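Here is a short note for a colleague who is opening this structure for the first time. Please read the points with the model on screen.

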Amino acid sequence: MHPVLKTVLQRLGLGLLTLFVVSVVIFASLEMLPGGFAEAILGQGATPETVAAFNHQVGLDRPATVRYVEWIWNILHGDFGYSYAGMGGSIKRSVSELIAPRLYNTFFLAIMTAIVAVPLSLFLGILAALYRNSWYDRIVNTVTLTTIATPEFFIAYLLMFFFAIRHRWFYSLSTVSDSTPFLEHIYRAALPALTLTLVIVAHMMRMTRASLINLLASPYMEMAQLKGVPRREAIIKHALPNAWAPIATVIAFNLAYLVVGVVVVEVVYVYPGIGQLMVDSVSSRDMPVVQACALIFAATYILLNLSADIVSIVTNPRLLHPK
Amino acid sequence: MSEFQMKLKAAEKAVGLGKLSRRDFIQFVMASGVTLAAAQAMFSRAARAEPKKGGTFKAAIGHGQTTDSLDPATWSNGFTFAWGKSVMGAPLVQINQKNEVVPHVAESLEPTDGAKKWVVKLRKGITFHNGKPLTADDVVATINYHIGPDSKSPAKGVLSNLTAVKADGPDTVIFELSGGNADFPYLLSDYHLAMYPSEGGKIQWDKGIGAGPYILKSFEPGVKMTAERNPNYFGDTNFDAIELLSIIDVAARTNAYLSGEVHFIDRADLKTIDMLKNAPDTSLYNVSGTALYSAPMLVDQAPFDKLEVRQALKWAINRQELVDKILYGYGSAGNDNMLAPSLKYAIQPEPVYSYDPEKAKALLKKAGMENLKVDLSASDAAFPGGVDAALLMAEQAKAAGIEINVVREPNDSYWDNVWLKKPWSLCYWGGRPTADSFLSISMAADAAWNDTHWKNPRFNELLVAARAETDEAKRQAMYAECQQLMHDDGGQTVLLFNNYVGALNNAVGHGDFNTDFDHDGGYMYERWWLA
């Protein structure tokens, strides 16, 4: 079997195992939360009788193990179950139906940000390695460090203040829906994407710079220099291929953040992404939705890490062609 | 009124109706010596003063969840509650700016048999959004949906005295109560009780089809809802379309307002209200309502079983300071009377509990309880700023020699595990339209939410008697005595009445505001207009 394929299969198997463990952890920790859906919905009106009626209706009066097995069994069949909300009425809302548009919005924003942020940080990082310790290097470092050290909601408010309130170039609200045209979606999501770009560029850019500089000191780079390869070409042709592994890891890490960690930015811009849905569901104890979101987040991490690993194998001949 | 004033009034009216141009109006008033700036201001004011049709009204609401649904039995937050009042729904009655009942889907409501039986005649010619005419059967089905045995609707508690509802012909409905209630029409204004079309005695709410001023266009739970004017609405409304956004984060809500994306935001951030107030073209929506923040003591638990202890604590709290520091002045001090001054029959019981540590000390000495130590369970779940309020109360009570130990309780499950269970806690009440409905759920001996366990026989006797009393003067006297009893003897510490504070763009015209709920009593979508 080809070693790459073998590794991928191995990793996928491990990933499934991880997902299983994660599902247990999610389920157990949600069980431990105080209060329940009935209490959250009924508020002051939560009398023991109404709570019991609610719990019976959504099946919460059965033992946790039974509910877990049922849940995981249904997921294996592609059914995430139904949201607790609306259980009383005639229309049940399936979790997948609830999550799908939110997930689309989240991926939209993540991809939009990644398209800008990844090339930008690679470009800035390579230039910074090329002109190490120059004024350019210092300025890029300082600026990106400042943006990563500033809380994201603060960056968001600053951008909003200048670009949406002072000069009304962009919308301060990024509420989009199914009926929003594609271009308007991009326009509406511009400020959140800019905010996220500012937050993640530093990490990727510094990793690119650091791994390149690390390699510049190695003997084969010296060799390249001695045989007369121009500095720029030496970096792109000789150093970069060897630097891909750590850079890919950092990029994967940041892309995962774009999917799972942007709830603060979503709240500030009122962007209907999946992070908001999850927080909302936690506070209303809509467990099926929370569980599904958590599983999706875990799967995102596992898949992105897997792709980072594949990139490092493919770009490293030693791993690609073992003896 | 001078001749000029009369002419001015007529001119203003003409402007409001769009019959007099800006130029003509300004020329007219300037001819009588008014400056240009003043004349322009007068024009914009006049142009807003008369309702105009058209435009899309956009509001950002500080509530709304992904669990929201079109099911009227589940409406409970600021995003959904107005749907039944002035969006898709039309209830039997509305409440006007003076807190009086006005028939709406109903044409008349007549009590018989000592207010135990109410005969409701329906307005003729009302149709639902799908064209189906509204009949007495729809009304009966709607009410039964809420009071049925497996209903989880909050309206079930509101209508707990309703024993039967029957159709009598196509446009008459008869409500039978277990006891007389002169306020029964007020209860029908509840926002859950919007009329829905029925089939075979079951109502159909799943498409949002009601008889109200707006037809539902789109609804994304926790995000947004849009609706368009119902051309066949039997009442009067102004906007062509409305758009409601759910923005929980107060800073995001404020930004949405400042960047001009919405005309109105509710629940403005009081910390920055002075800056918001000075934003261009902005008026504050500042209405003193019936909602209140309280600190109920369980009067059957030590030390609150002693009257002197309760009274000493009442004197040891500086409520005005709480208003100033917790609400930044946007509210008014409570006086241990649950009824807000704007409610009918409300009185201001004497003596007013102002801050008097010496009196508190004297009372404790009389009871032999000097150096009183009590726990106060607090959380921001009870009301925003709850923990701060409790700490402030602890500081104030020190002067009276009382040590209040503030116990910070978790926000989650506050209503299950703390309120109604801990001897002294914090609580929030949304207020109710009538003295009877409010006191019945919060202070009556057998009320599930009697959060002081106060069971004063005289108070309960009066409460029942006043409910069925149709003689206004007698009723007033009974409620006055109720309020005095609750003020003197009860365990309820009413800390303050909070105002509803929001920001409203000057492009929106409106009349006087309702005080019973936020959002102009829930009627803003129907009553406001864009000038």
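1. **The main core.** The largest nonpolar core has 167 residues. The residues with the most contacts inside this core are B:Ala60, B:Leu292, B:Ala312, B:Ala316, B:Ile402 and B:Leu496. Bear in mind that this is a predicted model.

2. **Around B:Ala60.** Which residues does B:Ala60 touch, not counting residues up to four places away in sequence? The list is B:Leu245, B:Ile247, B:Arg253, B:Ala256, B:Tyr257, B:Val262 and B:Ile265. B:Arg253 in that list is a charged residue.

3. **An open sheet in chain B.** Four strands of chain B form an open sheet, in the order 4-5-7-6. The pairing is antiparallel. Strand 4 (106-112) and strand 6 (162-167) of chain B are the edges, and each pairs on one side only. From one strand to the next, the twist averages 20°. As background, strands of a sheet pair through backbone hydrogen bonds, either parallel or antiparallel.

4. Strand 4 of chain B is joined to strand 5 (residues 117-122) of chain B by 6 bridges. Within this pair, B:Leu109 stands opposite B:Val120 of strand 5. Helix 5 (residues 136-147) of chain B lies across strand 5, strand 6 and strand 7 (172-177) of chain B. Its direction makes an angle of about 160° with strand 6 of chain B.

5. **B:Met393.** This residue lies in helix 13 (residues 386-398) of chain B. Is B:Met393 buried or exposed? B:Met393 counts as buried, because it has 26 C-beta neighbours inside 10 Å and the cut-off is 20 or more. Leaving aside neighbours within four places in sequence, B:Met393 is in contact with B:Ile317, B:Leu376 and B:Ile404. B:Thr254 is another matter: 139 residues separate it from B:Met393 in sequence, and their C-alpha atoms are 31 Å apart in space.

6. **Chain B as a whole.** Chain B has 19 helices and 21 strands. Its C-alpha atoms fill a box of roughly 75 × 65 × 50 Å along the principal axes. How does the radius of gyration of chain B fit a compact globule, and why? A compact globule of 531 residues would have a value near 24 Å, and chain B has 25 Å, so the two agree. Of the 531 residues of chain B, 51% count as buried. Among contacts in chain B with a separation of 6 or more, 70% are between residues 24 or more positions apart.

7. **Chain A as a whole.** Chain A has 15 helices and 0 strands. Its C-alpha trace spans about 85 × 60 × 35 Å along the principal axes. Of its 323 residues, 37% count as buried. Among contacts in chain A between residues at least 6 apart in sequence, 72% join residues at least 24 apart.

8. **Where the chains meet.** The contact takes 31 residues from chain B and 37 residues from chain A. On the side of chain B, helix 8 (250-258) and helix 14 (414-417) are the elements that give two or more residues. Helix 8 of chain B supplies the largest share, 5 residues. By type, the chain B side divides into 12 nonpolar, 10 polar and 9 charged residues.

Conventions. Residues are numbered from 1 along each chain as its sequence is written. Chains are lettered from A and ligands numbered from 1 in the order in which they are written. This is a predicted model: local features need pLDDT of at least 70, side-chain atom pairs count only at pLDDT 80 or more; totals for chains, interfaces and linings use all residues. Two residues are in contact if their C-beta atoms, placed from the backbone, lie within 7 Å. A residue is buried if 20 or more other C-beta atoms lie within 10 Å of its own, exposed if 12 or fewer, and partly exposed in between; C-beta atoms are placed from the backbone. The radius of gyration is taken over C-alpha atoms; the globule rule is 2.2 Å times the number of residues to the power 0.38. Two strands pair if DSSP finds at least two bridges between them. Axes are lines fitted to C-alpha atoms, for helices over the stretch in contact, and angles run from 0 to 180 degrees between N-to-C directions. A nonpolar core is a set of buried Ala, Val, Leu, Ile, Met, Phe, Trp, Tyr and Cys residues joined through C-beta atoms within 7 Å.
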